[in-house]
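Hi there,

Here is the structure I promised you.

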Amino acid sequence: MTISRRESLTLASASIAAASIPTIGARAAVTDVPTADVKPLDYKLEKGAELRVLRPAKFIDPDEVYWRENTKKYTDATGIPVRVDFISWEDIRPQTAVVANTGAGPDIVVGFSSDPQIYASKIADMTDLADYLGAKYGGWQELSKLYGTKWKTNQWLSIPIGGGAGPTVYRQSWVKEAGYDKIPDDHEGFLTLCQKLHTAGHPFGMSLGHALGDANGFASWLLWSFNAMLVDEDGKIALDSKETIAALKYATELQKTQVSGNLSWNDSGNNKAYAAGDIGMTFNGVSIYYFLKSSPDPKLNQMAVDTQHQLLPKGLASRSPMSATPMNAMVFKHTKYPNAAKDYLRFMMEADQYGPWLSNCIGYWSNSLKAYSKMAFWTQDPKLVPYASGMDTPYYDGYKGPVTPASSAVTANYTVVDMFASVVTGNATPEDAAKRAAQQAQRYYKT
Amino acid sequence: MDATTGDLALEWKPRKQHSRIGRLFDSKPFLVALCLLPTVGLLVVFLTYPLGLGLWLSMTDTTIGQPGEYIGLDNFYSLFSDPVFWGAVWYTIFYTAVATVGKFLLGLWLALLLNNHIPFKAFIRAIVLLPWIVPTVLSAIAWWWIYDPQFSIVSFVLVDVLHWRTHYIDFLGSPWSARWSLIVANIWRGIPFVAITLLAGLQTISPSLYEAALLDGASGWQQFRRITVPLLMPILSVALTLSVLFTFSDFQLVYAITRGGPFNSTHLMATLAFQRAIPGSQLGEGAAIAVSMIPFLLVATLVCFFGVGRRKWQQGSDND
């Protein structure tokens with residue numbers, strides 16, 4: 001395959017756009033990544049190799065711009081043409097399934113979370129590449145290991161690229177008016193803050209409707225911060241527990257402080273309400289801040305200055321119960337150019353490429369390799385700090401059981417979200433809801 | 001002009017013996033088969049095959065990424081004990097019933113109004129069709145904004161302009177208001193189809209019937225009851241059947257506005273089937289839910305046809 005005129009035009013405009021996007025301490029990025037001296041991986045590139053890559057669509061421009069620019073750099077360096085298709089998040093799963101079932105199409109699919117577990121028999125082993133990257137860049141973050149390796153082994157199925165984390169996003173001045181410098185880390189304190197914000201007319205707002213990312217993230221935080229969990233280490237449903245009941249009761253109190261309408265929000269609900277000044281605090285990725293900061297409207301820029309991020313309150317947990325949704329790259333066995341495919345991924349993960357991409361996404365993606373947390377941009381804008389450790393977490397979809405496709409099915413069916421939603425609206429008692437949700441979850445964890 | 005026949009005397013040419021292909025094309029059964037072929041082909045490829053595949057999938061435990069095995073009716077047994085599934089069945093029936101009644105009452109009313117002589121008739125009739133013409137996804141997004149808890153135009157008018165309420169309305173935040181909101185959106189979208197279809201039916205009714213009734217001293221209600229309704233029945237039953245089918249298998253409105261939330265109270269069978277099959281990866285179970293719609297659709301179709309349209313005109317004879 002050769003790069004067509006149209007594609008080269010896109011590439012050209014992409015690099016022009018790249019140049020015009022304000023860089024946040026990014027150009028110097030490459031030098032601020034500590035690397036270990038590791039013997040370089042020398043993949044024998046196949047003659048006449050060409051690659052096709054499927055990737056989730058961007059939510060913020062630099063994600064695509066820098067990805068394309070890095071890809072072009074790879075083509076320039078190796079002569080291997082690479083075509084990258086950005087497709088919508090919802091289409092990734094079905095398309096990956098088609099790729100896997102037909103054994104044709106893209107050589108590399110960048111999927112999500114537990115996808116590599118589903119296709120374990122159809123994707124190439126990545127242990128050599130993962131070991132090399134881990135050794136060079138200070139090791140993999142905890143969440144990378146959970147999603148990248150076969151459960152409880154050191155065998156790598158995929159290369160986790162980066163994760164989208166959702167810490168607390170809040171208006172500093174309003175939280176200060178309520179009498180706080182920071183968001184309290186305990187349940188009681190957090191609830192009191194929410195009550196004060198509610199009284200002041202700047203309530204907390206987080207979806208409990210059918211919002212795939214937001215509502216599931218919020219429900220997971222409620223569970224995990226009470227040390228409750230969907231399944232235990234052996235993969236048995238453990239949802240119907242006294243910890244879950246406590247979380248449900250707490251959520252009911254919290255709901256009274258929430259903005260009206262949070263039960264019908266989809267994933268854009270809190271973003272819209274925050275930008276409109278209707279809520280003072282929510283949980284979200286960096287996209288709200290990015291949107292406010294890069295808006296041409298000075299009022300929104302001012303709001304960005306007043307916006308602050310913090311890890312989710314710990315509650316009873318020992319670490320902040322916050323997970324991330326990682327992009328997870330797989331090389332399918334059907335590819336004619338496995339070495340080129342791996343080499344492309346290696347190239348994209350190396351500091352010269354990954355650094356600028358990461359720093360220009362300003363936290364939209366949290367790094368999967370530890371060394372990248374040391375990059376200067378994380379601290380140059382202190383608001384970004386919580387995102388630097390987005391993948392440094394033991395929490396994942398379907399915590400604490402084995403990483404399996406079953407947890408994705410529970411997430412997609414809003415089982416835990418609906419449990420909370422039915423209780424906080426008074427439509428079910430905590431006990432009934434927990435029992436029913438456990439039965440629902442059991443449908444997908446059946447063996 | 002005088003016709004001179006002499007020069008144009010027809011030359012008699014004996015008909016050539018047809019070749020075998022020619023004879024083949026003369027045979028009626030062959031021609032029938034040939035003309036049917038494209039349609040049958042299309043139906044098989046785009047209807048029978050997907051339907052058959054759906055039926056087969058519903059009897060397997062296929063997930064996205066894993067070819068499944070035949071498991072008989074296990075998916076259906078498991079669904080029968082699933083309250084979410086029964087909730088979706090219940091709401092689908094409720095949604096279809098209420099929305100259909102609403103659409104027909106308002107649609108008939110609109111058709112009767114449009115049947116009168118009013119200024120700008122053609123223009124108004126075109127406008128009436130708008131909800132039907134706009135792609136459903138777009139109108140669904142418009143309704144989604146109308147029902148937004150923070151940015152609803154309805155709430156804005158009631159609270160900020162008219163000061164009739166102090167709080168914005170949370171249309172989609174609780175089960176019943178969400179259900180009714182979706183039904184209203186569906187009715188809005190369905191009215192034009194009913195109105196235009198019934199209007200076409202109204203225009204086929206001969207004005208002489210009304211004149212005769214007028215001479216006999218029939219009141220407006222009697223005219224409606226004894227002339228309009230019976231003569232509208234044939235087209236009414238067709239419109240009703242189609243409308244019930246469309247409403248029962250609705251997907252886009254619900255998926256764009258609530259995705260089945262809050263807590264599954266607004267799931268239709270179609271949205272639940274999609275949620276389980278594609279985002280949830282359980283293709284077998286999703287297919288089973290979709291297949292479960294077939295009996296309901298059959299019953300609904302039969303009821304519409306035989307219930308509303310049991311009169312003799314269906315066989316082509318006079319109404320009695």
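**What I found**

Chain A has 20 helices and nine strands. Before we go further, keep in mind that this is a predicted model. Chain B, on the other hand, comes to 14 helices and zero strands, so its pattern along the sequence is simply α-α-α-α-α-α-α-α-α-α-α-α-α-α.

**Overall shape of the two chains**

Let's start with chain A. A compact globule with 447 residues would have a radius of gyration near 22 Å, and chain A agrees because its own value is 22 Å. Its C-alpha trace spans about 65 × 55 × 40 Å along the principal axes.

Chain B tells another story. For 320 residues, a compact globule would come out near 20 Å, but chain B has 28 Å. The box filled by the C-alpha atoms of chain B is roughly 95 × 70 × 40 Å, again along the principal axes.

| | Chain A | Chain B |
|---|---|---|
| Buried residues | 61% of 447 | 39% of 320 |
| Contacts at a separation of 6 or more that join residues at least 24 apart | 77% | 65% |
| Accessible surface | about 16900 Å² | about 18700 Å² |
| Part of that surface from carbon and sulfur | 54% | 71% |
| Charges | 44 positive and 45 negative | 19 positive and 17 negative |
| Distance between the mean positions of positive and negative charges | 3 Å | 5 Å |

**The strands of chain A**

In what order do the six strands of the open sheet in chain A come? The order is β2-β1-β3-β8-β4-β9, and the pairing is mixed. At the edges you will find β2 (82-87) and β9 (366-367), each of which pairs on one side only.

Inside that sheet, look at β1 (residues 51-56) and β3 (residues 108-112) of chain A: they run parallel and are joined by two bridges. Val53(A) is the residue standing opposite Ile108(A) in β3(A).

Now find β5 (residues 168-171) of chain A. It pairs with β7(A) in the antiparallel sense, over four bridges. Tyr170(A) has Gln308(A) in β7(A) as its bridge partner. β7 of chain A covers residues 307-310, with Thr307(A) and His309(A) pointing one way and Gln308(A) and Gln310(A) the other. Are these four residues buried or exposed? All are buried.

Leu209(B) sits in helix α10 (residues 207-215) of chain B. It counts as partly exposed because its relative accessibility is 37%, which falls between the cut-offs of 20% for buried and 50% for exposed. Setting aside neighbours within four places in sequence, Leu209(B) is in contact with Ile227(B) and Leu231(B). Ile227(B) is 18 residues away from Leu209(B) along the chain, yet their C-alpha atoms are separated by 7.4 Å.

Then there is Ser281(B), in the loop between α13 (269-277) and α14 (283-308) of chain B. Why does Ser281(B) count as buried? Because its relative accessibility is 10%, and the cut-off for buried is under 20%. Not counting residues up to four places away in sequence, Ser281(B) touches Thr62(B), Thr63(B), Ile64(B) and Arg276(B), along with Arg93(A) from chain A.

- Tyr399(A) and Lys400(A) are joined by a cis peptide bond, with omega about 5°. Lys400(A) is in the loop between α17 (385-388) and α18 (405-412) of chain A.
- You can find Pro262(B) in the loop between α12 (252-257) and α13 of chain B.
- Lys152(A) is not a glycine, but has a positive phi of about 60°. Its loop runs between α6 (142-148) and β4 (159-165) of chain A, and Lys152(A) counts as exposed because its relative accessibility is 70%.
- His163(B) is another non-glycine residue with a positive phi, near 55°. It lies in the loop between α8 (153-161) and α9 (175-203) of chain B, and at 60% relative accessibility His163(B) counts as exposed.

Cheers

Conventions
Residues are numbered from 1 along each chain as its sequence is written. Chains are lettered from A and ligands numbered from 1 in the order in which they are written. This is a predicted model: local features need pLDDT of at least 70, side-chain atom pairs count only at pLDDT 80 or more; totals for chains, interfaces and linings use all residues. Side-chain values use heavy atoms; hydrogens and water are left out. Buried means under 20% relative accessible area, exposed over 50%, partly exposed in between (1.4 Å probe, protein chains only). Two strands pair if DSSP finds at least two bridges between them. The radius of gyration is taken over C-alpha atoms; the globule rule is 2.2 Å times the number of residues to the power 0.38. Contact means heavy atoms within 4.5 Å. Accessible areas come from the Shrake-Rupley method with a 1.4 Å probe; for residues, only the protein chains shown count as cover. Lys and Arg count as positive and Asp and Glu as negative; His and the chain ends are not counted. The place of a charge is taken as NZ of Lys, CZ of Arg, CG of Asp or CD of Glu.
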